[in-house]
Amino acid sequence: MRNFRHMIKEQTPLYIFVAVLFLVGVVFGALIVSALTMDQQQELADYLGNFFVMVDQNGLPAAPESFWSIAGLHLKWIGLIWILGLSVIGLPGILILDFLKGVLIGFTVGCLVSQYSWHGLLFALVSVAPHNMVVIPVILICSASAIAFSLLMIRSRVIARRPLHVGRPFAMYTLLSFIMALLILGVSSFETWVTPSMMKWVTPALVQNATEVNGQ
């Protein structure tokens, strides 16, 4: 436990860096929404409207298949970061993934708010925010650890006059990634069985809002 605290303290600048990179991605994703053409905005509005009608009428399936689909998506993200951290050339890929995650969230929330105003913000708070309050820190922690290990590999192979011992750092890096993966399984359970109920609670207001807009 002391080793983990020491490792996290050493990697604090990396946590700040990946967090800022993620926030830049969020802002960029939100700006993309305002750059969409009228036709693209209309297509997006039609898609969201159909989706909300489906959720309002039928709900979303809360089944083991959905759980493994959701968990698998998050675990692939963490696994890819872990793999990229093992190689020197994977360092830029980690940064791209962090930025891309921010873009996806910024674009999603931006679309909901632009189309449905505060109703869209409410939907984002129940559908996007809850699980991402855990997923995002997990991804940022994994990213910072991957960057730190990648930099260690660079020092070991390129800068250091003699090879550094990377066995212990590799074990700590892998153990941390495994713990984060366990957290992802827990939050995936919430996203599978709790989030659909929260979404169904909000969607009637969104369907009514879309109907009023189309009726004008």
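Q: What makes Ser-188 count as buried, and in which helix is Ser-188 found?
A: In this predicted model, Ser-188 is found in helix H7, which covers residues 167–193. Its relative accessible area is 0%, and buried means under 20%, so Ser-188 is called buried.

Q: How do you know that the side chain of Ser-188 makes a polar contact, and which backbone oxygen does the side chain reach?
A: The side chain of Ser-188 reaches the backbone oxygen of Ile-184 at 2.7 Å. A polar contact requires a pair of N or O atoms within 3.5 Å, and the value of 2.7 Å therefore meets that distance limit. Leaving aside neighbours within four places in sequence, Ser-188 is also in contact with Phe-67, Ile-70, Ala-71 and His-74.

Q: What makes Met-172 buried, given that its relative accessible area is 14%?
A: Met-172, likewise placed in helix H7, has a relative accessible area of 14%; the cut-off for buried is under 20%, so the label applies to Met-172.

Q: Why is Ser-117 called partly exposed rather than buried or exposed?
A: Ser-117, which lies in helix H5, has a relative accessibility of 44%. Because buried means under 20% and exposed means over 50%, with partly exposed in between, the value of 44% puts Ser-117 in the partly exposed class.

Q: What makes a set of residues a nonpolar core, and which residues have the most contacts inside the largest one?
A: The members must be buried residues of the nonpolar kinds, Cys included, joined through side-chain atoms within 4.5 Å. The largest such core has 31 residues, and those with the most contacts inside it are Ile-81, Ile-94, Val-138, Cys-142, Ile-147 and Ile-184. Helix H2 (12–34), helix H4 (64–85), H5, helix H6 (129–159) and H7 each supply at least two residues of this core, and H6 gives the most, with 13 residues. Apart from this core lies another, of 16 residues, among them Leu-36, Val-55, Phe-123 and Leu-206. As for Cys-142, its contacts beyond four places in sequence are Ile-78, Ile-81 and Met-180.

Q: How many helices and strands does the protein chain have, and what share of its residues counts as buried?
A: The secondary structure comes to eight helices and zero strands, and 41% of the 216 residues count as buried. Among contacts between residues at least 6 apart in sequence, 84% join residues at least 24 apart.

Q: Where does UniProt place the feature "transmembrane region"?
A: The unreviewed UniProt entry places this feature at residues 12–36, 77–97, 104–128, 134–154 and 170–190. In the model, the span of residues 104–128 is 96% helix and 0% strand, while residues 77–97 come to 76% helix and 0% strand.

Definitions and conventions: Residues numbered from 1 in each chain as written. Predicted model: local features only at pLDDT ≥ 70, side-chain atom pairs only at ≥ 80, totals over all residues. Heavy atoms only, no water. UniProt positions renumbered as here; feature names shortened; annotations may be inferred. Helix = DSSP H or I, 4+ residues; strand = E, 2+ residues; numbered from the N terminus. Buried < 20%, exposed > 50% of the residue type's maximum accessible area, 1.4 Å probe, protein only. Polar contact = N/O pair within 3.5 Å; in protein donor to acceptor, adjacent residues only side chain to side chain. Contact = heavy atoms within 4.5 Å.
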